[in-house]
There are 2 protein chains.
Amino acid sequence: MLAKFFAPESVAVVGASRNPRKVGYQIVLNLLKSGFKGRIYPVNPNADEILGLKAYPSVSSIPEPVDLAVIAVPAPAVPGVIEDCGAHGVKAAIVISAGFREVGNVELEKRVVETARRYGMRVMGPNCVGVYVPKTGLNTTFLSMERMGFPSHGPIAFISQSGAFGVAVLDWASMRGVGISKFVSLGNKADLDESDVLLYLAEDEDTRVVTMYIEGVEKGRGERFVKALREVTPRKPVVALKSGRSEAGARAIASHTGSLAGSDAVYDAVFKQTGVVRAMGMEDLFDMALALAFQPPASGRRVAILTVGGGSGVMATDACSDLGLKVPRLSHETEEKLRRVLLPIASPHNPVDVTGSATDQHLVDALEILLRSGEVDAVIWIPYFQVPGITEGLVKEFVARYREVVSDTGRAIPVVGAVTGGDYTWRLAREAERLGIPMYPSVERAAKAVWALYRYGSWLRRLGVYESYVEGFLRKGVAPG
Amino acid sequence: MLAKFFAPESVAVVGASRNPRKVGYQIVLNLLKSGFKGRIYPVNPNADEILGLKAYPSVSSIPEPVDLAVIAVPAPAVPGVIEDCGAHGVKAAIVISAGFREVGNVELEKRVVETARRYGMRVMGPNCVGVYVPKTGLNTTFLSMERMGFPSHGPIAFISQSGAFGVAVLDWASMRGVGISKFVSLGNKADLDESDVLLYLAEDEDTRVVTMYIEGVEKGRGERFVKALREVTPRKPVVALKSGRSEAGARAIASHTGSLAGSDAVYDAVFKQTGVVRAMGMEDLFDMALALAFQPPASGRRVAILTVGGGSGVMATDACSDLGLKVPRLSHETEEKLRRVLLPIASPHNPVDVTGSATDQHLVDALEILLRSGEVDAVIWIPYFQVPGITEGLVKEFVARYREVVSDTGRAIPVVGAVTGGDYTWRLAREAERLGIPMYPSVERAAKAVWALYRYGSWLRRLGVYESYVEGFLRKGVAPG
């Protein structure tokens, strides 16, 4: 059923406008600019044509079936539009318009839902920015592309209760190079809520990780939420950013969305019981999601650190320890193997410090020894692309060796990286990301990413599905599109 | 005395080379490329000219006085070079060469120091990358500018025990737009250490904030360190990143620099007793330093949040609470004032949510009301530059009103910002930074910056010098070069 929201073949934009300052103009423009592959029907009784598309006076006057109606008319007019949509057989409506429960118009919002129910129609919103699906160009948001970027297709789905924050995150993701499968802004959640979307995403082939920003689950819907989470987390990771942790934050939620934040301890317990990885901020949310999307979960908490800079090795060790991860001593045997391939001034102890005099070869050989040792469950590598012995070819070589060893041993040990540097460094770090190794701008963030891989791995092991998950993960390849 | 290290009029590079793969070539090249304003004397017995500069067979053969010798010859040759420098009256030497205590050559290192002492010469290093002073183009580092950037002049000094990490940070700072007054890499600290440099920076007019990365203070030098910190912190903030917090991290330090990490609790206590603001990672270090460099310290822990997005307001509130900052309710009077200037759908409660329909005017007027209220000690503003009502002119207007109110009331209430977004957003955020308002990529990091302003403000108040510090700060202007 939710397919109509995410993969419609035709979209009617009700309230479409020729005035560039209107939301109804921007929605049509964004659909066009995003290259939406389906048909677009602008609906406006006072226009024949909008942005080169034939306009219709009402949804019911459109001569063909409409999969999705995007509604951006003043709030009082919304129930009438829903009625018209229902009569035309529309089964999915996104109500962009604001002016409902969030400003006290509870009755009006109820009427929207009741009308929709009569026709078996589902409603997203009201007071939302809708959906963005880069793969098909479906983009019902209304912010100008002159002021923001939209990310390209990728394995991460993002559900946001807050529209403004959601759109800002899309903008950030486009700059950061984070690919999105589906973006959903839930708004007032009068009908459709996070549980519906979670269940849809559980089945969605394009989504490997689900991220969400929520302020609160509506009263009486807690059980559904838990059930939905239990449905998803054995199949794909869910990373959640739940705000209103503090008393002052909960108070702020009351005046923002009017929803009850609920006790944070309850959410925390729900997340733990359902295997949700909890994020503490926006950077944290996507740092962890990237790792979970591109790297296999870790089967334990033992981390090897492989660094070109001794200081970074020490800091990474601290960061791991802070999170309850271990940076274990390596066996004498493994240290000897490392010693044989590294420079005499290098340190074969964990953190393994190849030093600033190292070459590509040292990093790649050390990686292989660590992966094969059986003594670690994850690797954080810290290449300093600035030093003279490291070449631009390192990334390719490193990833090639990684894949070779994983396919040879069948052991899926995750690797993430951390770099400190400027444009040259990030050009190479981005290359590593394109090849499936997430790179972070600090060792602390890399350690947090490993923690997420460990957390999710523990959950899968608890459920007894770790092996089958990893098998499926490896089958899809370490660097999915 | 340390002036010879940071503001020499002439520099001899001993071990200068015509071979681009040699450190001694890169140092001369970096000095030239950084536009060093003094004289450069390459020293190499087998060359007449290096990179267009006349070369000398030894330091003593240079016909003029030499302020600073930068030494990059094999370790065993260093004592002889020091001798030659001493005979020529050189009073400052940076020993870039490695191969001393860090690989067990304790005696050789001792000989270097003893030789220098005989001539009243100070030594930086060995095993370091030296100094970088953008203002005068003094750059003794040896990494290629094709692989890294060097930051421009600014108010932040950075002392690093780790050379590789220090240089990587410079590279990052150049991309991030963080301006540096002096960078120092301490290396083995055979003679010169953090305490010497701290005392120098206390007097340095170009430095407003001192940042440092340390792994450990040498045995027997703890008292000097505490004394030096006590000397600096009443005059300018010190932000320290001390690694080796964890047991595993301390072990890693032992194999990295061979220095004893010491108990972390001891360092933590020292930092608390001397008013040092402690950072937990590299991003944290500079996030806090930026705030302390450009904004006055906070006189209390009450934070106002001024946001265009409700969700971000909630998250910022959580982040403040996590750090022990307060997001207090505003008085009825202040809320009424806000209500009068904001949209009906806006929330005048703290976090003040002007909503996505706001205009520049709403943000600027709300700022003034908050600054004049007497109810808050700091402001976090969260502009969403993506929304249609906010214009490119906002930043200028916002900063102008801020300065106006500060100069009118005489109350220095710090303001920092947080944005989530892409290139357009960051172009405007960078404009705000150039005008003195630090901007962070997440509300959590903005909250941490405010925490640093609060921590340092508390320290100054404890010393009874808060007012005089702020007066001096305001005299220098809110956005120093």
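A residue counts as buried when its relative accessible area is under 20%. Keep that cut-off in mind for this predicted model, where 65% of the 481 residues of chain A are buried.

**Overall build**
- Chain A is put together from 17 helices and 19 strands.
- If you boxed up the C-alpha atoms along the principal axes, you'd need roughly 80 × 45 × 40 Å.
- Take the contacts in chain A with a separation of 6 or more: 76% of them come from residues 24 or more positions apart.

**Surface and charge**
- The accessible surface is about 16,700 Å², and carbon and sulfur atoms make up 51% of that.
- Chain A carries 55 positive and 52 negative charges, and their mean positions sit 3 Å apart.

**Salt bridges**
- There are 74 salt bridges over all chains.
- One of them pairs A:Arg278 with A:Asp264, with the closest N and O atoms 2.8 Å apart. A:Arg278 lies in strand S14 and A:Asp264 in helix H9, so this pair ties together parts 14 residues apart in sequence.
- With a relative accessible area of 8%, A:Arg278 is buried; A:Asp264 is buried too, at 18%.
- A:Arg401 bridges to A:Asp365, with the closest N and O atoms at 3.2 Å, and also to A:Glu368, at 2.7 Å. A:Glu368 is in helix H13 and A:Arg401 in helix H14, so their pair connects parts 33 residues apart in sequence.
- A:Asp365 and A:Arg401 are both buried, and A:Glu368 is buried as well.

Definitions and conventions:
Residues are numbered from 1 along each chain as its sequence is written. Chains are lettered from A and ligands numbered from 1 in the order in which they are written. This is a predicted model: local features need pLDDT of at least 70, side-chain atom pairs count only at pLDDT 80 or more; totals for chains, interfaces and linings use all residues. Side-chain values use heavy atoms; hydrogens and water are left out. Helices (H or I, at least four residues) and strands (E, at least two) are DSSP runs, numbered from the N terminus. Buried means under 20% relative accessible area, exposed over 50%, partly exposed in between (1.4 Å probe, protein chains only). Contact means heavy atoms within 4.5 Å. Accessible areas come from the Shrake-Rupley method with a 1.4 Å probe; for residues, only the protein chains shown count as cover. Lys and Arg count as positive and Asp and Glu as negative; His and the chain ends are not counted. The place of a charge is taken as NZ of Lys, CZ of Arg, CG of Asp or CD of Glu. A salt bridge is a side-chain nitrogen of Lys or Arg within 4 Å of a carboxyl oxygen of Asp or Glu.
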